[in-house]
Amino acid sequence: MTYLAKPKLHHPDLPRNQLGLTHRDYEGAISTLCAGCGHDSISAAIVQACYEMSLPAHRIAKLSGIGCSSKTPTYFLGLSHGFNSVHGRMPSVLTGAYMANKDLIYIGVSGDGDSASIGLGQFAHSMRRGINMTYIVENNGVYGLTKGQFSATADYGAVSKRGVKNFDEAIDLVTLAIQMGATFVARSFSGDKRQLVPLLKAAIHHQGAAFIDVISPCVTFNNHKGSTKSFDYVREHNAVVNRPDFIPLRDEITVDYPAGAVEAVTLHDGSVLRLAKCDHDYNPRDRVAAINCIQERQQRGEVVTGLLFIDPDAVDLHEEMGNVDTPFNQLDDAALCPGNAALQQLNQSFR
Amino acid sequence: MHHAERMRVDAEGKRKYAVIQAEDELASIGIVIGAGWNGTRAFTATSGPGISLMTEFLGLAYFAEIPAVLFDVQRGGPSTGMPTRTQQSDILACAYASHGDTKHILLLPDGPGECFEFGALAFDLADRFQTPVFVMSDLDIGMNDRLCAPLSWDDSRRLDRGKVMDFAALEAGKTFGRYLDVDGDGVCYRTYPGTHPARGAYFTRGTTRDPFARYSEEGDVYVDNMERLLRKFETAKSWVPAPLELDAGREYGVIFYGSSAPAMDEAVELLAARGLQLDTLRVRAFPFAASVREFVERHRLVFVVEQNRDAQLRTLLINEEEIDPARLLPVCHYDGTPITARAIIAGIEARLDLLKVTPLRKRS
């Protein structure tokens, strides 16, 4: 099987969003990943988030590196341009694309091998730059395409399917992202769509570098006893600090929460991100406290999920640089070429 | 950057350009490729070690067909080599950069004037051929003071953005296949992301694919695509700067390029005064125009003057044009200093001395 398009046929009464599209219009080709792969759940969550937000699919660019996770952009948003780049280097390609046209929505999909091993440098630097993107790591702790070797996010002491113990310390991408300056950092679990979909919506809406680490068990190579990235392990150790509910500006707020149990984060355009607090002490606007909490919980063997950090007033790189409002790729000859008169002045300056 | 700050801002002072100081060369070429894919011209400037770091990405840009411009200010290699000295020693590394079968367009400017001219042209060629284009400067041109004619620009010239299918074309229902050779010149149409709600989206990848950008490992599909890339390279021959020839039908010729030009002009004059008349050809780009091979064929012997140890342009000529190596005599200067007429004359005369055959019977 090399490439399979999904049949376009669907039930005539499927619900439609504000653009008149069904969720089927946001799907891609049929997945070639293993049955039960967490990554397919994440693709489904992306489809749902984009459908529910009524995003025009062609205004989204999806970019990835190399690996199982990086194959997934083929399986969602078939009407979007996609770019499967080289191993660990998606962040730089996405950065260039974002510089070229600030008006598109950029979704970067990567894996733990792609972002924490070979691509750790580009991952870290892209978090520093205020690139307006949603960067998703589909984190399973192993290299699935090459038969399940540990990646750099595998926990110390975790045991591989072959019974080998991991001797290296794990790199925690969420802590790193917060340290590097990302302005939206979350962790979720591919098996928890209720948490993941609102997080994706809020991340896409966020005007800056948004990072979501999604624990996504590898059903083939990392879903056994002794693994710390298996479905069972994550379900047992999932410490949910908050449950987000993203409410775009245009939607009426209808959900009622008991007072004190909800933290409302108002975003730049008036949209609201409501966080049902599971951990009342958790403050997602404080970088230092967030890092402390994540690390303390980690020491206790817990996997903290939810919205871990947000700076709702983040400014994206184009604004920071003072760039024109027109996307660079739409500037015409007259805007780009100063012309011969300007060049002659330049010649004079050399005399 | 200094000029962009003044010339590429709008009336309100907002920028129509962006500079990103990337963390390393892998990121800088990645950013250039991302921008090129999304329809904005971008470049990176580097030297030999940077080219080495960029080679994986250069293969992607070649194979996925994404415009990119690189300015290579060549210095003394290999490794860190002589980082403050000059050479023309990245020719082969750039011409064939990356793994697998790759070939790239190189422009070979002789000084600041052609750096300006070829610099602008490089962006047109990168868009036209949807591929990386290298402007091969060197440290001698890049850092030393050199004279050149005042720069000029033809205001009627338009930027050549190449074959891009826009909203109207897609809306009109024109068939779009990202790697479909509609015109038979090996160059296909592309779309920018975000153009049309229902048509023109495709998946860009470094893996093999069919003319409609769908993943495929079928042998004949792969071979067709690789052959088309060769066809595209062939088309580029008539778009790159033509070689400059001074041919008076003499016995010997000389081929040179880049920063060797001023010293070569002086050497040709001095050699003529000493009785050796040479026809000259200055190569200004790779792929080579057919006239380069014809020049060699018209001469008994041709000297190839360059600033590296291994006579890299000569190797490229032999490899690409299937020229008999015996007809091309290398004259190489590579001690890191800019090439001089003295060095060229000494090199050519040494080669000629080797050619002199003294009949045995005259020996005493």
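F189(A) sits in strand β7 (residues 184–189) of chain A.

Trainee: Before we go on, what am I looking at?

Mentor: This is a predicted model, where local features need pLDDT of at least 70, side-chain atom pairs count only at pLDDT 80 or more, and totals for chains, interfaces and linings use all residues. Residues are numbered from 1 along each chain as its sequence is written, while chains are lettered from A and ligands numbered from 1 in the order in which they are written.

Trainee: Is F189(A) buried or exposed?

Mentor: Count C-beta atoms, placed from the backbone: 20 or more others within 10 Å is buried, 12 or fewer is exposed, and in between is partly exposed. F189(A) counts as buried because it has 24 C-beta neighbours inside 10 Å.

Trainee: Which residues is F189(A) in contact with, leaving aside its neighbours within four places in sequence?

Mentor: Contact means that the C-beta atoms, placed from the backbone, lie within 7 Å. On that basis, F189(A) touches V214(A), I215(A), V234(A), N238(A) and T305(A).

Trainee: On to chain B. How many helices and strands does it have?

Mentor: Those are DSSP runs numbered from the N terminus: helices are H or I with at least four residues, strands are E with at least two. Chain B has 12 helices and 12 strands, and buried residues make up 46% of its 364 residues.

Trainee: In what order do the 5 strands of the open sheet in chain B come?

Mentor: Strands pair if DSSP finds at least two bridges between them. The order here is β7-β9-β8-β11-β12 (chain B), with mixed pairing. At the edges are β7 (244–246) and β12 (328–332) of chain B, each pairing on one side only. Inside the sheet, β8 (residues 252–257) and β9 (residues 278–283) of chain B run parallel, joined by 6 bridges; G253(B) has D279(B) as its bridge partner in β9(B).

Trainee: And between the chains, how many residues does each one give to the contact?

Mentor: Chain B gives 49 residues and chain A gives 46 residues. On the chain B side, α2(B) supplies the largest share, 9 residues. That side divides into 25 nonpolar, 12 polar and 12 charged residues, where nonpolar covers Ala, Val, Leu, Ile, Met, Phe, Trp, Tyr, Cys and Pro, charged covers Asp, Glu, Lys and Arg, and polar takes the others, Gly among them.

Trainee: Which strand of chain A does β6(B) pair with?

Mentor: Strand β2 (residues 81–84) of chain A, in the parallel sense over 3 bridges. N84(A) has R205(B) as its bridge partner in β6(B).

Methods
Two residues are in contact if their C-beta atoms, placed from the backbone, lie within 7 Å.
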